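Dear colleague,

Here is the structure you were waiting for. My notes on what was found follow below it.

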Amino acid sequence: MDRSLRANNPENYNPDGTVKEGPKRWKKSTTYLKTQARLAEIWRKLSAHRRSLIGRMVNETLRMGNVFKFEKLSYRALQGVFGKSVNTRAPGKYFQELTRKAESAGGKVLKFPTRLKVKGTETYVGLSSYCICGERKKKSLSERWHICSCGVKCQRDLYSAYLACFVKQIGQSDFELDAGTAARQWPGAEPLLQAASGHIPNPRVSGSSGQPCKGTEGVAAEEGIAKAEAWDGVAPSPGGGESPGEVAVVPLRTPQL
Ligand SMILES: [Zn+2]
């Protein structure tokens with residue numbers, strides 16, 4: 001298309017090939033117009049396909065619970081790490097759709113900040129560096145497991161998601177991490193998380209392109225007993241908390257990243 005434009009409109013270009021400034025008329029050949037229509041059709045299909053994939057993923061997510069919590073993350077920052085793939089995968093659209101559908105179904109979506117106050121203390125922690133025993137240790141992005149001297153060992157994203165289950169909204173935009181309850185319920189959740197850890201593929205860690213980005217963790221869903229039972233027959237998902245009174249721990253990654 002560019003070649004065709006140039007061939008048909010040489011007067012619109014500078015000698016160095018750049019487009020001249022100011023108002024211009026563009027002559028478009030029949031072939032150009034045909035190609036333009038074909039290209040528009042390709043974009044249209046791509047966008048429809050993406051919408052349907054996101055819709056499917058949102059529905060899968062909605063089967064896991066009715067309260068969804070995730071860390072506020074900047075899609076611009078994701079773009080820095082993943083480049084164009086963010087445009088084609090549209091993670092923001094996923095969260096937008098999830099929020100819309102969850103809320104219209106009576107559910108809730110909570111966005112909490114990446115630094116959280118630990119309940120009963122004045123300490124602020126990030127989910128990925130915090131352990132239920134109180135230990136704090138920053139992990140590099142390539143460290144995919146949370147291994148603590150207290151004996152806790154868990155795949156990093158799952159562990160953050162587990163902690164996110166205990167993030168409670170205490171004010172308009174205030175959140176805190178109920179670390180005490182998280183620690184008390186850990187023995188019950190551990191086998192579940194261990195089993196789910198096996199389902200998580202090891203992300204590529206070499207180079208910068210394949211690295212999982214900070215902020216894609218700490219996503220969790222929880223649901224009440226009645227809901228869990230109602231959905232039992234629909235889709236038993238690995239990691240979905242099925243024991244009564246237990247918190248469902250559902251790991252989610254930013255769409256396809
Ligand atoms: Zn620990």
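**Notes on the model**

K24 sits in the loop that runs between α1 (2–8) and α2. Please keep in mind throughout that this is a predicted model. With a relative accessible area of 29%, K24 is partly exposed. Apart from its neighbours within four places in sequence, K24 is in contact with N12 and V19. K24 and E11 are 13 residues apart along the sequence, and their C-alpha atoms are 9.1 Å apart in space.

**Overall make-up**

The protein chain contains eight helices and nine strands. Of its 257 residues, 38% are buried. Among contacts with a separation of 6 or more, 61% are between residues 24 or more positions apart.

Helix α2 covers residues 30–62, which is 33 residues. From its first C-alpha to its last it reaches 48 Å, close to the 48 Å expected at 1.5 Å a residue. The buried residues of α2 are Y32, I54, G55, V58, T61 and L62.

**The zinc site**

Which residues hold the zinc ion as protein donors? They are C131, C133, C148 and C150, each through its SG atom, at 2.2 to 2.3 Å from the ion. The angles among the four donor atoms run from 106 to 111°, and the site is tetrahedral. For reference, the ideal angle for four tetrahedral donors is 109.5 degrees. Along the chain, the donors follow the spacing C-x1-C-x14-C-x1-C.

C133 belongs to the loop between β4 (124–126) and β5 (145–147), while C148 belongs to the loop between β5 and β6 (153–155), so this pair ties together parts that are 15 residues apart in sequence. Are these two cysteines buried or exposed? C133 has 42% relative accessibility and counts as partly exposed. C148 has 11% and counts as buried, because the cut-off for buried is under 20%.

S129 is also found in the loop between β4 and β5. S129 is buried, with a relative accessible area of 12%. Leaving aside neighbours within four places in sequence, S129 is in contact with E135, R136, K137, K138 and K139. S129 and S140 are 11 residues apart along the chain, with 9.5 Å between their C-alpha atoms.

In soluble globular proteins, nonpolar side chains tend to be buried together. In this model the largest nonpolar core has 28 residues, and those touching the most other members are I132, Y159, Y162, L163, L177 and W186. Two or more residues each come from β2 (108–112), β3 (115–118), α6 (156–164), β8 (175–177) and α7 (179–197). Helix α7 gives the most to this core, with six residues.

Beyond its neighbours within four places in sequence, L177 is in contact with K117, V118, K119, V125, L127, Y130, L163, F166 and V167. There is also a second, separate core of 11 residues, with F68, L98, A102 and V109 among them.

**Aromatic pairs**

How many aromatic pairs are there? The count comes to seven aromatic pairs, where rings pair if their centres lie within 6.5 Å. In one of them, Y94 and F95 have ring centres 5.1 Å apart and planes at 75°, so the pair is edge-to-face. Y94 is buried at 2% relative accessibility, and F95 is buried with a relative accessible area of 5%.

Y159 and W186 form an edge-to-face pair too, because their ring centres are 5.5 Å apart and their planes are at 80°. Y159 lies in helix α6 and W186 in helix α7, so the pair ties together parts that are 27 residues apart in sequence. Y159 is buried, with a relative accessible area of 1%. W186 is buried as well, with a relative accessible area of 6%. Y159 and W186 are part of one aromatic cluster, together with Y162 and F166.

Best regards

Definitions and conventions: Residues numbered from 1 in each chain as written. Predicted model: local features only at pLDDT ≥ 70, side-chain atom pairs only at ≥ 80, totals over all residues. Heavy atoms only, no water. Helix = DSSP H or I, 4+ residues; strand = E, 2+ residues; numbered from the N terminus. Expected span 1.5 Å × (residues − 1). Buried < 20%, exposed > 50% of the residue type's maximum accessible area, 1.4 Å probe, protein only. Core = buried A, V, L, I, M, F, W, Y, C linked by side-chain atoms within 4.5 Å. Contact = heavy atoms within 4.5 Å. Donors = N, O, S within 2.8 Å, 3.2 Å for Na, K, Ca; no water. Tetrahedral: all angles 85-135°; square planar, octahedral: opposite > 155°, others 65-115°. Phe/Tyr/Trp six-rings, centres within 6.5 Å; stacked < 30°, edge-to-face > 60°.
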